[in-house]
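Please walk through this structure strand by strand, then look at its surface.

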Amino acid sequence: MSLSVRPACVLDAKTLFDFTARLVDDHLPGQAPWTSPERIKDDGFGPDPLFEAFIAERDAKPVGFVSFFRGYAGWRGKPMGIVHALYVLPEERRTGAARALMAAVARDALERGWVRVELFVEEERPAISFYEAVGMRDLHHRHMRLEGEAMARLANDAL
């Protein structure tokens with residue numbers, strides 16, 4: 001059973017959506033995803049893509065994905081990669097699929113001259129040990145978010 005990793009293409013929008021829905025359900029059981037295959041198609045494969053993705057396949061069957069986008073490491077003055085999501089089917093975990101996906105991101109980052117790859121992971125998630133095993137460091141930074149009414153309130157304060 002051979003494992004391969006390839007860049008996602010527009011025809012993979014439904015697959016990316018299905019994996020995203022499973023990832024959402026892993027974190028928030030019963031919650032429907034806030035996106036759609038059409039949105040993924042437009043956002044990832046339009047004229048100005050907001051993200052890129054790799055798909056892991058075992059014997060031509062998709063078993064996982066990683067999505068990422070380019071960011072900027074301001075202190076270093078260099079581009080960097082930010083992993084948005086990594087998901088592998090439960091029956092494919094601990095088979096090397098997640099490592100192969102992260103390795104694809106690392107190779108891509110090096111080829112593009114990106115200084116590093118970062119991601120955010122919730123505290124106490126089992127994935128932390130995986131990320132450390134592939135060489136990522138826990139920076140002990142808190143992931144902060146501004147959205148909804150709080151974002152609107154702050155935006156209005158700036159007037």
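What follows starts with the sheet, moves to the hairpins, and ends with the helices.

This is a predicted model. Its 5 strands form an open sheet, ordered E1-E2-E3-E4-E5, with mixed pairing. Strand E1 (3-7) and strand E5 (117-119) stand at the edges. Each has a single partner strand, so one side of each is left without a neighbour in the sheet. From one strand to the next, the twist averages 30°. In general, strands of a sheet pair through backbone hydrogen bonds, either parallel or antiparallel.

Take E2 and E3 next. Strand E2 covers residues 52-58 and strand E3 residues 61-73; they pair in the antiparallel sense over 7 bridges. Ala 53 has Ser 67 in E3 as its bridge partner. The two strands E2 and E3 form a hairpin with 2 residues between them. Asp 59 sits in that turn with a positive phi of about 50°.

E3 also pairs with strand E4 (residues 78-88), again in the antiparallel sense, over 10 bridges. Here Phe 68 has Val 83 in E4 as its bridge partner. Arg 70 stands opposite Gly 81 in E4. E3 and E4 form a hairpin too, with 4 residues between them. In this turn, Gly 77 has a positive phi of about 65°.

Now the helices. Helix H1 (residues 13-27) lies across E2, E3 and E4 and runs at about 85° to E3. Helix H5 (residues 148-157) holds Met 151. Is Met 151 buried, exposed or partly exposed? At 44% relative accessibility, Met 151 counts as partly exposed, because that class lies between under 20% and over 50%.

Notes:
Residues are numbered from 1 along each chain as its sequence is written. This is a predicted model: local features need pLDDT of at least 70, side-chain atom pairs count only at pLDDT 80 or more; totals for chains, interfaces and linings use all residues. Side-chain values use heavy atoms; hydrogens and water are left out. Two strands pair if DSSP finds at least two bridges between them. Buried means under 20% relative accessible area, exposed over 50%, partly exposed in between (1.4 Å probe, protein chains only). Axes are lines fitted to C-alpha atoms, for helices over the stretch in contact, and angles run from 0 to 180 degrees between N-to-C directions. Contact means heavy atoms within 4.5 Å.
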